[in-house]
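Here's a quick tour of the structure shown below. Keep the 3D view open while you read, and try to find each spot as it comes up.

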Amino acid sequence: MKLIYSKKYTQYTRLELMEKVSAQMSKKRFTHVLGVEETAIKLAQMNNGDVEKASIAALVHDYAKERADEEMIAFIHSHHLDEELIIFGNNIWHGIIGAELIKLELGIHDEEILNAVRKHTTGDMVMSLLDKIIYVADYIEPNRRFPLVEQARKIAFENLNEAVKFETKHTLEYLIKQEALIYPKTITTYNTWVATVNRHLNK
Ligand code: GDP
Ligand code: FE
Ligand code: FE
């Protein structure tokens, strides 16, 4: 892929950023990250989004996914983050804390990129185009395999807002079937993007 960064958002070239990210995770997860990047770039192109920001946000979105729980819990304490976070585990921590680690360790300070990382797991009531691109690309990238993924891909390439809705609905359904703990923001995202009463807000 020929994507040359402007240096506005990161001091690194794309290849250097890829190296920094791959050093943080297994080969398998890095393959996922590259799949998210490829998909995010496509979605950005189709929706008049910023391709460079889509690439950077995708490359860093799971930066903290393999950090030790103890380190993440220590971070929650030392940075005075909400202690309620602790019970939710890394699935919820890695986006929120990941954004802070990306700032500290990679020197990426662009709030639009950091917000896309913060929101990539749960979505949010308010989502920018970049937030939606990363949230959806993470769900449908080519290495994902689950029964609804083909349908999710088809919707994503037709209508990004509908894809946010589809993903939010099916993730919540899946979590409830697993009797998983639901992070409050996941419910807020559902109420905003899925619940019929609020649908006009996202049209
Ligand atoms: P990944 O990092 O590429 O695996 O993908 P995500 O960051 O989107 O999600 C990580 C995991 O968190 C997935 O298994 C999601 O289903 C799960 N997840 C999303 N929302 C919630 C939630 O509210 N509660 C819990 N317990 N897990 C969630
Ligand atoms: Fe993630
Ligand atoms: Fe991911």
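**The iron sites**

Four residues hold the iron ion (ligand 3): His32 (NE2), His61 (NE2), Asp62 (OD) and Asp138 (OD), at distances of 2.1 to 2.3 Å. One thing to keep in mind as you go: this is a predicted model.

**Iron ion (ligand 3)**

- If you walk along the sequence, the donor residues of this iron ion (ligand 3) follow the spacing H-x28-H-D-x75-D.
- His61 sits in the loop between α3 and α4, while Asp138 belongs to helix α7 (residues 129-140); the pair is 77 residues apart and links distant parts of the chain.
- Are His61 and Asp138 buried or exposed? Both His61 and Asp138 are buried.

**Iron ion (ligand 2)**

- The iron ion (ligand 2) has Asp62 (OD), His94 (NE2) and His120 (NE2) as its protein donors, and they lie 2.1 Å from it.
- Along the chain, the donors of the iron ion (ligand 2) show the spacing D-x31-H-x25-H.
- Asp62 is in the loop between α3 (51-60) and α4 (69-78), and His94 is in helix α5 (residues 90-106), so this pair ties together parts of the chain that are 32 residues apart in sequence.
- Which residue bridges the iron ion (ligand 2) and the iron ion (ligand 3)? That's Asp62, and the two ions it bridges lie 3.6 Å apart.
- Asp62 counts as buried because its relative accessibility is 3%, where buried means under 20%.
- His94 has a relative accessible area of 3% too, so it's buried.

- Where does ligand 1 sit? You'll find ligand 1 in the largest pocket.
- There are 16 residues around ligand 1, and the ones that come nearest are Lys65, Thr121, Leu181, Tyr183 and Thr186.
- Look at Thr121 up close: an N or O atom in its side chain is 2.7 Å from an oxygen atom of ligand 1.
- Thr186 also uses its side chain, with an N or O atom 2.7 Å from an oxygen atom of ligand 1.
- With Leu181, it's the backbone that matters here: one of its polar backbone atoms is 2.7 Å from a nitrogen atom of ligand 1.
- On its own, ligand 1 has 580 Å² of accessible area, and the protein covers 84% of that.
- Helices α5 and α9 each supply at least two residues of the shell around ligand 1.
- Which helix gives the most to that shell? It's α5, with 3 residues.

- Glu37 is found in helix α2 (residues 27-46).
- With a relative accessibility of 1%, Glu37 counts as buried.
- The side chains of Glu37 and Ser55 are joined by a polar contact of 2.6 Å.

- Glu179 lies in the loop between α9 (160-177) and α10 (184-193).
- Is Glu179 buried or exposed? At 73% relative accessibility, Glu179 counts as exposed.

Definitions and conventions:
Residues numbered from 1 in each chain as written. Chains lettered and ligands numbered in written order. Predicted model: local features only at pLDDT ≥ 70, side-chain atom pairs only at ≥ 80, totals over all residues. Heavy atoms only, no water. Donors = N, O, S within 2.8 Å, 3.2 Å for Na, K, Ca; no water. Helix = DSSP H or I, 4+ residues; strand = E, 2+ residues; numbered from the N terminus. Buried < 20%, exposed > 50% of the residue type's maximum accessible area, 1.4 Å probe, protein only. Polar contact = N/O pair within 3.5 Å; in protein donor to acceptor, adjacent residues only side chain to side chain. Near = heavy atom within 4 Å. Areas by Shrake-Rupley, 256 points an atom, 1.4 Å probe, with all protein chains shown as cover. 1 Å grid on protein atoms, 1.4 Å probe; cavity = no way out; pocket = protein on both sides within 12 Å on 5 of 7 lines; lining within 4 Å. Sits in = over half its atoms within 2 Å of the grid points.
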